[in-house]
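Hi,

Here is the structure I said I'd pass on. Have a look, and my notes follow below.

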Amino acid sequence: MRPAARLAACMVLAVAAEAAAQADPDLLAPLPPGTEVDATDDAVLAPSAGTLAEAEYRGTPQHFALEVRFGPYLPEVDQEFSGGQTPYADTFGDALLLLSLLQFDWEYLRIPGGTLAVGVSAGFMQAVGTAYTPDGRPSGEDTVLNIVPAYWTAGYRFDLFAERWSVPLVPFFKVGIATYWWWVLNAAGTAQWGWTPGWFLSPGLALQLDFFEEGAARSFDSSLGVNHSYLTIELLYASVDGFGRGQSLILSDLTFTAGVAFEF
Amino acid sequence: MEHSRPMTSNCARLPVRLAAAALLAAALARPAAAGAALTIELFDRENRGAVDDEPTGINIADCASNEAWNFRTSLSSVPTNAHLDVWLGSACDQRANRDGADASDCVQVYGDLTMRVGYVNFMVEAPMLVDPHAPGCAEVKTTTKVWVLILNEDADETVYNSGTYDVSIDTQRPAAPVSVTVDFGESRAIVSWEMASSTAASEQWGFRVLCDPNPTGADADADADADAAADADEGAEADGADAGGEATETGGEPGGGCTSGGAFAAGDEPIDAWYCTGQIVGSAVRVREVEGLANGTEYHFAVVALDDYRNPSLVSTVVCTVPSEVNDFWETYEAAGGRAEGGCTCAVPAAGRLGDVGVPALLLGAALGRRRRAARDRGDRR
């Protein structure tokens, strides 16, 4: 096809598309109040306003969730010594560490009332303290305990309230295996490293943000595929002590985390 | 057809040749007319690999070593009745500035250099550039202009041609760092300091740390003895300037946590043997770990600042510490009786215990998967 003919064809298609879009705007708009609809024929072409809203926007598929959380953490290393020695407190004090976590979930099963998901999360926290001489004098050196917690998670999100009654609260519960990788640094480098397995459970509550700005939520979904956005807060009980074998650095704690989550 | 050529004899051409020779001689006898300005090029410096290596000017070390600055200028022709001079100073192309009547007049370095087509080379030593009137290494921050002048040999020595080259000079020491402190570690010390408030950050290029004993193996003591005596007066001046520092100045005596006098004292001119670190570049850097120290030995530390010409300051206040064994967290943990084991071998649960958790998890997963497949099948049937 010659260029001139192609250009003409494109222009025709463009004009036709514009004309089609403007031909009957009522088809895409709610009916005016009081309009009577003949259920036998027009109902198929002109559904009621509520039904139309659902037809207009059904949302993108939802399979995954991504969550970023932060919270305080204080490893119970000294628990091993039953109140006698306190090497952790002596070195790092009792200041809370900042636990930062990133979680990825696969929402693989929809069951009545909610969603079952499996996922993994990992994060980082760091304790920095002064290295002391054997006779207790503080030196100019720092010693560091780095911890990378990883959680293998099975979770349930109870989103019945949000889906059915427009209550923007979604309780959830997570449980799983925890693996904390840790390493100790001194001025010369890595002094020791290891890992401590354990388990955890974590009930929480998510505030669905879609309810506060539906337009933005739909735009977020249509443009990026994000179905729902949440603010979350959850309790975290991590029993990370090597399942009680007594040969592990005890890194357990009862704490909470808060963050944001996105389902997509 | 054959053309005939006019006959000319040698006798007929001779007057023409004589006239041309006379004109040429007359032209050469007159003072030459000025050509394009001369260019002066610095093509070699003793203390630099390349002439544009930083710092491009003259600093204290350059001056102290009588660094040779080798210049050259290029001539495309050699004028007659003129000579080539090299002068240092301001406006040396003015006759009045070359007569020596004033103390600020230009100083002649070379007179009547041999001119030839091509390069004419000449050398000027750094102390001459620092102070042409009294060559030496006085503390100055200035620019000296090098002049190459081709002067007509007339009564006023008018300038036939000239060129200049600017040499920047900084032989002033920056202020010594202040608030020098030291902390010990295991086989190491952590030295920290602050930049003197009188030093502009733009003029601060870096720092160097001095150690005694020097763990780098330099023979500090041998050089220190000679230097300390020579610099006693300057040291006293620097002491006053650094009075605000945290550490006590030693002045060659114990102080700043020191139990004995060391190789250097506050206010000394630093020598290479004392440096135990390289150049610590950046005015924002304020701390340095010195490694490789012997536990239980007292070490003396000081810091010098380096300005943008790499001039070192005088030695800062001297502080001391004794490196000692320290425990990191793991050592503290083990000393407390901690039973955890590190590495891959630690805390691997027994198979039975892992199974206690893993088997139910697998069963739960399988059940949920089966339920999901069933739900999907029902959907397909619908």
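A contact means two C-beta atoms, placed from the backbone, within 7 Å. Chain A has a mean pLDDT of 81, with 78% of its residues at 70 or more.

A word on conventions: this is a predicted model, so local features need pLDDT of at least 70 and side-chain atom pairs 80 or more, while totals for chains, interfaces and linings use all residues. Residues are numbered from 1 along each chain as its sequence is written, with chains lettered from A and ligands numbered from 1 in the order in which they are written.

Now the interface: 38 residues of chain A are in contact with 30 residues of chain B. S6(A) gives the most to chain A's side, with eight residues.

On to chain B, which has seven helices and 14 strands (DSSP runs numbered from the N terminus: H or I, at least four residues, for helices; E, at least two, for strands). Three of the strands make an open antiparallel sheet, in the order S1-S2-S5; strands pair if DSSP finds at least two bridges between them. Strand S1 (40-45) and strand S5 (118-125) of chain B are at the edges with a single partner strand each, so one side of each has no neighbour in the sheet. Strand S2 (residues 68-75) of chain B pairs with S5(B) over eight bridges, and B:Leu75 has B:Gly118 as its bridge partner there.

Cheers

Definitions and conventions. pLDDT = per-residue confidence, 0-100.
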